[in-house]
Amino acid sequence: MTDEQFESFWEIYSESFPECEKRDRAGQLAVLTRKEYAVDFYSEADRMMGFIAYWDIGGYYFVEHIAIAETGRGRGIGSILMNNLIQSGRNVVLEVEPPVDDTTLRRIKFYERLGFHLNQHHHIQPPLQAGGSPLHLMLMSFPDKISVDDAESIEISLRDIVYGDR
């Protein structure tokens, strides 16, 4: 990722997620050096409109963040990014907030329209920044629901690969 791409990425990332769901700048720059971590972009007229950031955790791609610039929202860019990842042929897993309001229900429905399944396994995301609090989340998976054994394996991979520095 070039410096210019990072600045565009950082602008979208910063405006799209609350503090508890993102890393600080130094933490994000450090993650970008990890071989298991990748970021794919969607651009129009040489302007980054969105990205999907994910980890290779063995048997799955773990989508950590997907975000669209405010000016690009509602135009199908998120679906394009997610479908490109799905077309890799790999199993995909991601975290969502439990369905407690219109916003969280809308996010879950977005992923369900793409073929994801909401799993009922207990999942806690460690804080992404020092001093943060863990988040109680749920896992969604593609192309199938995950078993209890698979959920435990995913948890171990997330702990060891993604959140190992926490």
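This is a predicted model: local features need pLDDT of at least 70, side-chain atom pairs count only at pLDDT 80 or more; totals for chains, interfaces and linings use all residues.

Entry 1. D46 lies in the loop between β1 and β2. Its phi is near 60°, a positive value in a residue other than glycine.

I then turned to A45, which lies in the loop between β1 and β2 as well. A45 has a positive phi too, about 50°, although it is not a glycine. At 81% relative accessibility, A45 counts as exposed.

**Entry 2. A cis peptide bond.** I looked up the omega of the bond from F142 to P143. The value is near 10°, and the bond is cis. P143 is found in the loop between β7 and α5. Strand β7 covers residues 135-142.

**Entry 3. The largest core.** Which residues have the most contacts inside the largest nonpolar core? I listed F9, F51, I57, F62 and I154. The core has 27 residues. Helix α1 (3-16), strands β1 (37-44), β2 (47-56) and β3 (60-68), and helix α5 (148-162) each supply at least two residues. The most comes from α1, with five residues.

Leaving aside neighbours within four places in sequence, F9 is in contact with M1, Q28, V39, F41, M48 and F51.

I also recorded another core, apart from the largest one. It has 24 residues, among them L114, F116, L118 and M138. I wrote a general reminder beside this: in soluble globular proteins, nonpolar side chains tend to be buried together.

**Entry 4. L158 in helix α5.** I picked L158, whose place is in helix α5. L158 counts as buried because its relative accessibility is 1%, and the cut-off is under 20%. What does L158 touch, not counting residues up to four places away in sequence? I found I57, F62, H123, Y163 and G164. Two of these names, I57 and F62, are already in my list of residues with the most contacts inside the largest core.

I also checked L158 against W55. The two are 103 residues apart along the chain. Their C-alpha atoms are separated by 9.0 Å.

I went through its pairings one by one.

- Strand β4 (residues 91-96) pairs with β7 in the antiparallel sense over five bridges. The bridge partner of V96 in β7 is M138, and M138 is among the residues of the 24-residue core.
- Strand β5 (residues 117-118) pairs with β7 in the antiparallel sense over two bridges. L118 stands opposite M140 in β7, and L118 is also listed in the 24-residue core.
- Strand β6 (residues 123-125) pairs with β7 in the antiparallel sense over three bridges. The bridge partner of Q125 in β7 is L135.

**Entry 5. Rings.** How many aromatic pairs does the structure hold? I have 12. As a reminder, a pair of aromatic rings is described by the distance of the centres and the angle of the planes.

I took W10 and Y13. Their ring centres are 5.2 Å apart and their planes are at 35°, so the pair is tilted. W10 and Y13 are three residues apart in helix α1, so about one helical turn separates them. W10 is buried, with a relative accessible area of 16%. Y13 counts as buried at 0% relative accessibility.

Y13 also pairs with F17. Here the centres are 5.8 Å apart and the planes are at 55°, so this pair is tilted. Both Y13 and F17 are buried.

I then collected the cluster. F6, F9, W10, Y13, F17 and F51 form one aromatic cluster. F9 and F51 in it are also on my list of residues with the most contacts inside the largest core.

Definitions and conventions:
Residues are numbered from 1 along each chain as its sequence is written. Side-chain values use heavy atoms; hydrogens and water are left out. A nonpolar core is a set of buried Ala, Val, Leu, Ile, Met, Phe, Trp, Tyr and Cys residues joined through side-chain atoms within 4.5 Å. Buried means under 20% relative accessible area, exposed over 50%, partly exposed in between (1.4 Å probe, protein chains only). Helices (H or I, at least four residues) and strands (E, at least two) are DSSP runs, numbered from the N terminus. Contact means heavy atoms within 4.5 Å. Two strands pair if DSSP finds at least two bridges between them. Rings of Phe, Tyr and Trp (its six-membered ring) pair if their centres lie within 6.5 Å; planes under 30 degrees apart count as stacked, over 60 as edge-to-face and the rest as tilted.
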